[in-house]
Each structure stands twice: as C-alpha cells, then as structure tokens.
Amino acid sequence: MEVEFSLRVLPLNRVGTYAEVWNDLLDRVEEDRHLATKLDNEIQLLRSMNVVPEVHELIEAAMLFLLEAQIAHDAHDAGRAWAALVRCNYYLGTCSSHATQLELTALGGRITGSRIVPLRNMVVEMLKAMPDNSRATKQDLWAEILPAMQKFGKDHQARSTNPRQLLQRWTNHDPAVHPQFARVVEGSLNTRARRKVR
C-alpha cells in the first residue's frame with residue numbers, strides 16, 4: 001500500500017507522507033469507527049454521478065479499510081476483518097488502475113484537439129476559396145460554413161464539439177480564421193455595436 005501511495009499520491013502533492021496520512025486516519029478512526037464505510041459510501045455516490053474520485057481518496061479508503069480490518073482482528077471479529085480486507089483490496093486495485101480526473105482531462109483535451117485542428121483547417125480552406133468582400137455579414141458566412149462543419153464532424157466522429165461555438169470563437173480570436181473572415185465579409189465583424197439598445 002505504501003508503494004502505491006508513493007507512486008500515485010505523492011506526485012500530486014495533495015497530502016503529506018504515507019506515515020502522516022496513516023497517523024491522521026488512525027486518529028480519525030478512533031473518533032469514528034464507521035469512517036471507512038462513510039468514505040466508501042461517498043466514493044460510490046460520486047461514481048453513480050459519473051464523477052471520477054481522486055486517487056488520494058481511493059488510497060485513503062484502502063488505508064481506512066485496512067485499519068478497520070486490524071481493529072476487527074484485534075476484537076476477534078473474523079467476519080468483519082475479512083469483509084474490511086476485501087474492501088481494502090478492492091480500493092487498492094482500483095487505485096492501481098485508476099486514471100485521475102487530471103489524467104482524464106488531459107486525455108480528453110488531446111483527443112478533442114486532434115479532432116478540432118482538421119476541422120479548423122477545413123474552415124480556413126473554405127474561406128480561402130471565397131472571393132474578397134463576397135458576404136454581407138459574418139452571420140451569412142456562418143450559415144454557409146456551419147453545415148459543412150457539422151458534416152465534417154459527423155464524418156470524423158467529432159460530434160462532441162459544438163461547431164457554432166467553435167466558429168464564433170474562431171471568427172473573433174483565431175489567428176488563421178479571423179483574417180480570412182475579415183477578408184471575405186464586406187461589413188464589420190463587430191456586430192455588437194449594432195445590437196446595443198438605444
């Protein structure tokens with residue numbers, strides 16, 4: 001368990017050393033004998049809501065169940081000790097194969113990024129093929145580009161992206177898309193001035 005703690009928890013700098021966490025949990029278990037079960041219930045509730053528990057929570061659950069097993073063993077309650085050891089082993093295994101929220105977020109970003117770059121390149125190529133000042137407003141241009149973006153997304157399994165939101169952001173902020181929009185759109189790209197209430 002200490003090796004798992006060193007490999008998975010210490011690099012996150014979220015808690016102290018293994019000994020510090022162990023002693024803290026020991027003090028907390030003396031105050032509340034049902035602490036392991038409470039943490040177990042909290043983690044299961046998080047999972048039921050599709051929230052990935054942090055790795056330090058999983059290792060703490062394993063440590064708490066080990067403490068509970070030791071207490072049950074000392075009290076000659078073999079059934080409770082065995083049940084606590086089973087839960088301890090479950091959490092150790094989960095911790096070993098667990099991807100943290102941070103790791104999942106990074107992976108999601110890489111996957112999304114790999115899908116968005118080709119989509120943005122397709123938009124830039126569409127814009128380059130259009131003549132200067134050929135569209136009255138950026139909304140006219142959006143109406144023309146969005147269907148192509150949606151089709152491209154379906155063809156490339158990138159349905160998780162929001163094409164309208166991406167196009168709006170790119171129109172105003174992307175260094176490759178914005179200049180092309182400014183070239184193709186006859187009017188100003190800043191339409192907020194026209195929307196102000198007078």
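Among contacts in the chain between residues at least 6 apart in sequence, what percentage join residues at least 24 apart? In this predicted model, the share is 68%.

## Overall architecture

The chain contains ten helices and zero strands.

Of the 198 residues in the chain, 36% are buried. The chain exposes about 12000 Å², and 54% of this area is supplied by carbon and sulfur atoms.

## The largest nonpolar core

The largest nonpolar core comprises 26 residues. Within this core, the residues with the most contacts are Phe 5, Ile 59, Met 63, Leu 64 and Tyr 91. At least two residues of the core come from each of four helices: H2 (18-31), H3 (35-48), H4 (55-74) and H5 (78-96). Helix H4 provides the largest share, with ten residues.

Phe 5 illustrates how this core is connected. Leaving aside residues up to four places away in sequence, Phe 5 touches Leu 10, Val 15, Gly 16, Thr 17, Tyr 18, Val 21, Ile 59 and Met 63. Two of these partners, Ile 59 and Met 63, are also named among the core residues with the most contacts.

## A second core

A separate nonpolar core of 21 residues is also present. Its members include Val 123, Trp 142, Leu 166 and Val 184.

## A nonpolar surface patch

Nonpolar residues also occur on the surface, where Leu 45, Met 49 and Val 51 form a patch. Together these residues have about 270 Å² of accessible area.

Conventions:
Residues are numbered from 1 along each chain as its sequence is written. This is a predicted model: local features need pLDDT of at least 70, side-chain atom pairs count only at pLDDT 80 or more; totals for chains, interfaces and linings use all residues. Side-chain values use heavy atoms; hydrogens and water are left out. A nonpolar core is a set of buried Ala, Val, Leu, Ile, Met, Phe, Trp, Tyr and Cys residues joined through side-chain atoms within 4.5 Å. Buried means under 20% relative accessible area, exposed over 50%, partly exposed in between (1.4 Å probe, protein chains only). Contact means heavy atoms within 4.5 Å. Patches are made of residues with over 30% relative accessible area and no salt bridge: like charges are joined within 9 Å, nonpolar side chains (Val, Leu, Ile, Met, Phe, Trp, Tyr) within 5 Å. Accessible areas come from the Shrake-Rupley method with a 1.4 Å probe; for residues, only the protein chains shown count as cover. A salt bridge is a side-chain nitrogen of Lys or Arg within 4 Å of a carboxyl oxygen of Asp or Glu.
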